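Please consult the sequence and the model shown below while reading.

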Amino acid sequence: MPIKTSPIIVNIGPHHPSTHGVFRMRVMFDGENIIDLEPVFGYLHRGTEKLAEERTYAQIITLTDRLDYLASMSNNLAYVVSVEKLLGVKAPERAMYIRVIMAELMRIASHLIGLGSFLNDLGALATPWMYMFREREKILDLCEMVCGARITYSYMRVGGVSMDLPPEFMGALRQFCDDFPHRIDEYEKLLRENEILISRTKGVAVLSAETAKNNSLSGPVLRASGVNWDLRKSDPYEIYDRLDFEVPIGQTGDTYDRFLVRLEELRQSLKIINQCVKDMPIGETRLKLPALIRPPKGDAYGHVEAPKGELGFYIVSDGTIAPYRLKIRAPSFINLTALREMTVGYKLADLIVVFGSIDVNMGEVDR
Amino acid sequence: MYGLGLLKGLSVTIRYAFKKPFTVQYPETKLKTQPRYRGYEFVWYEDRCTGCASCAKYCPLGIIKIVTKRAPEANIGGKYALDIFDIDTGRCMFCALCVEACPYDALFMGVNYERASYTRGGLVVHIDELRNAKKMPSAFLRPNLEVQAGKYTEESSLNPNEAGR
């Protein structure tokens, strides 16, 4: 007599350590196989966009820190770039170099956490995670040196940065840049050829370039699928058009490729920082703008390549001290939309790994 | 050969097994903060403050409460003295926008980070506490303090002239 089976619905999260925050997946299982998945979010909603409507343009910078809290400087940058577009001003040369250095340091810090937590989800408990936190700690020390905070920086301002770099910063940054390539080699030696990692990730959750584009994904997830799309190259902002770097592209779009793309981006970010350190000009770091900025009526959309993808701010101004509307295009949120396509047909154990490989940050998803 | 990748990885971890840990045990050993660290014990120089309330207006959360009264001889250039100057640090996010707003360099961030309290009321810094606190101003947005702020000891307390402008 055949045994009768029926699909079962399981809620994973919201309080699950591998969901990187508070995120719930309603998954339909047939035994161990996933036949359907529905992401449920909104547990961390703070109403950032609405709060911004009653804050002045300078005060909103503190709100942007709390979107992707692993890469606050990139959020600051995306916001100030958008407001500068709205105002039609450009930051001084030195400020742009400082901003690019900080944004790339944040990319390294964010990717280190992304890789570490991905490997943590995979079962490589604590060892790679601790190694990567050690390096991130050095980046946080650099940021503390520059702006006195370790997570919520609020460092950039419309028309420049709040303060010039301290005198001891350059030496510390150079030391970090000399030291870090050895650490990346170490990570590669530790993980790249690891048979367990390869068998768990190679060929798992293949995301075709077509699906990735149709879901309007961005960042390392898109590039791992073989699409050459990086805003630093395709729509250069700040000084990226003067810098020489490569955009790492994946071959097949599986989980292993996403891992490799992130690992390679660490090297490219370091290359960018080295160039910036070499060409850094001397001069002003901040434009003289009034404390209460009143942009002209109109709207502007500014975007940057944040560690997780395209981060954009759409600002509508009605000529007062606060924006009429502020819309945030958060990369993590949009990257999550491909989760169903990626995981259906795989097993429960793969789901956690694939979710880790997208590298989302719930602060940004729910806003 | 199968398993070679695992051995390669183990060769990395085994090297760290015999090295000194890079972490420290917190309450016994304390890491030094940077001169620009934005932290507790806001430094406030009453002589310089004119009661303009720029800091209160600039604060994104509106946690600074200021009540002034007319007093012609109270301070340099001002016509007002302060009755109440409360900072509700329980809600403060240490963004230092108040420090940026101050036109007379009367308000500075501090460099301390240990100020736990059993009640929420205990987190409100009152005017007397600000008057009597040790003055260890942070160098954030005050570049003239860059060297001094790195050398504070437990006893340090700068007077307005030492803090400079």
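## Interface of chain B and chain A

Across the interface of chain B and chain A, 18 residue pairs are in polar contact, both residues being at pLDDT 80 or more; a polar contact is a pair of N or O atoms within 3.5 Å, where within protein one must be able to donate a hydrogen and the other to accept it, and residues adjacent in sequence count only if both atoms are side-chain atoms. On the side of chain B that touches chain A, α1 (4-17), α2 (54-58) and α3 (97-101) each supply at least two residues. The largest share of that side, 10 residues, comes from α1(B). Helices (H or I, at least four residues) and strands (E, at least two) are DSSP runs, numbered from the N terminus.

The model is predicted: local features need pLDDT of at least 70, side-chain atom pairs count only at pLDDT 80 or more, and totals for chains, interfaces and linings use all residues. Residues are numbered from 1 along each chain as its sequence is written, chains are lettered from A and ligands numbered from 1 in the order in which they are written, and side-chain values use heavy atoms, with hydrogens and water left out.

## Extent of the contact and salt bridges

Chain B contributes 35 residues and chain A 37 residues to the contact (heavy atoms within 4.5 Å). About 3000 Å² is buried between the two chains, with 55% given by carbon and sulfur atoms; buried area is the accessible area (1.4 Å probe) that two parts lose on being put together, summed over both. In chain B, the residues losing the most area to chain A are B:Tyr16, B:Gln34 and B:Arg36, together 21% of what that side buries.

Between chain B and chain A there are 3 salt bridges (a side-chain nitrogen of Lys or Arg within 4 Å of a carboxyl oxygen of Asp or Glu). B:Lys8 and A:Glu193 form a salt bridge through their side chains, at 3.2 Å from N to O.

## Aromatic pairs

The whole structure holds 16 aromatic pairs over all chains; rings of Phe, Tyr and Trp (its six-membered ring) pair if their centres lie within 6.5 Å, and planes under 30 degrees apart count as stacked, over 60 as edge-to-face and the rest as tilted. A:Phe23 and A:Phe41 are stacked, at 6.0 Å centre to centre and 20° between the planes. A:Phe23 lies in the loop between β1 (8-12) and β2 (24-30) of chain A, and A:Phe41 in the loop between β3 (33-40) and α1 (48-52) of chain A, so the pair ties together parts 18 residues apart in sequence.
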